[in-house]
Every structure is written in C-alpha cells, then in structure tokens.
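Visitor: I am new to this structure and would like to look around. Could you show me, please?

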Amino acid sequence: MTDNEEIIKVIETLFQAGISKDLEVLKDIHLNDSKFSSFSDLPPYDLKDYQTTIELEELRFVSISDYSYEIKNPKISIFGDTAVVAMELIQKGMLVDNKAFTGEHMTITGRATFVLVKQPTWKIAHMHLSKID
C-alpha cells in the first residue's frame with residue numbers, strides 16, 4: 001500500500017467508526033501524545049487534547065444513527081514523515097435523543113484538515129473540522 005493509500009485509510013477509519021460503531025479503532029489512529037490537538041465542527045469548539053477528542057468522538061458516533069460520510073476532493077501532501085490532508089466532507093445521520101425517543105436528521109457540509117505523522121504507521125496528530133453551512 002502506498003503512503004497516500006495508507007493515509008486515506010486512516011482518515012476513512014475515523015469516519016467508518018461512525019458507521020460500524022467500532023469505537024476502539026479511534027485510539028489506534030490518533031497519536032496518543034501531548035502534541036496531539038483537534039478542533040471539531042460540533043461544540044465545544046475549543047482546542048482539545050487526545051483524551052478529550054477520543055471521548056467526544058465516541059459520544060458523537062454513539063449519538064448518531066444511520067451515519068454516512070463522503071470525502072470529496074482530498075489533497076494529500078507528504079513532507080517526509082508528516083502529511084497534510086485537506087478535503088471537503090459531507091456527514092449525514094440521525095441525531096438520536098434516547099430519553100425523548102426522538103431523532104433529528106442532520107447534514108454537515110464542511111471542510112477538514114488532518115496532519116498525520118508516521119511513527120511507524122500513520123497516525124492523526126491534528127485535525128480541524130469546520131462547517132460551511
């Protein structure tokens with residue numbers, strides 16, 4: 001597998017966790033290091049560390065049923081053991097309120113930037129998701 005294929009597979013693994021609900025993979029694809037950081041397209045919008053990011057991703061994917069995503073126009077730039085990936089991202093699903101037994105359809109059209117480092121496999125070191133609409 002080429003570096004580009006491995007990199008896109010890591011990013012797809014993140015979003016596939018929303019479909020499969022296999023949340024254990026999230027810990028494997030993020031860099032478990034104090035240098036990790038992330039910004040989300042959902043509140044809270046502050047800069048997050050590794051542990052907070054994992055917890056919020058798990059909560060997000062558990063709360064969304066019928067989740068789907070589409071990665072559009074990914075641009076992968078590799079600089080030695082560092083890669084920057086910029087893309088458009090469409091996420092859809094049903095936000096479920098288990099207490100009220102209700103759901104709300106959601107579509108998030110946005111942009112995403114990922115920074116990955118190879119140590120020895122590609123891991124997400126930073127990500128920034130933002131809504132456009």
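Guide: Let us begin with a word: buried means under 20% relative accessible area, exposed over 50%, and partly exposed in between (1.4 Å probe, protein chains only). This is a predicted model, where local features need pLDDT of at least 70, side-chain atom pairs count only at pLDDT 80 or more, and totals for chains, interfaces and linings use all residues. Residues are numbered from 1 along each chain as its sequence is written, and side-chain values use heavy atoms, with hydrogens and water left out.

Visitor: What makes strand β5 mostly covered?

Guide: Seven of the ten residues in β5 (residues 122–131) are buried, so each of those seven has under 20% relative accessible area. The strand itself is a DSSP run (E, at least two residues; helices are H or I, at least four), numbered from the N terminus.

Visitor: How do you know that β4 and β5 pair?

Guide: Pairing takes at least two DSSP bridges between two strands. Nine bridges join β4 (residues 102–118) to β5, so they pair, and they run antiparallel. Leu116 stands opposite Ile124 in β5, and a hairpin of three residues joins the two strands.

Visitor: Which strand pairs with β5 in the parallel sense?

Guide: That is β1 (residues 37–39), over three bridges. Here Ser37 stands opposite His126 in β5.

Visitor: Why is a group of residues called a nonpolar core?

Guide: The name applies because its members are buried Ala, Val, Leu, Ile, Met, Phe, Trp, Tyr and Cys residues joined through side-chain atoms within 4.5 Å. The largest such core has 29 residues, and Leu116 and Ile124 are among those with the most contacts inside it. Helix α1 (3–20) gives the largest share, six residues.
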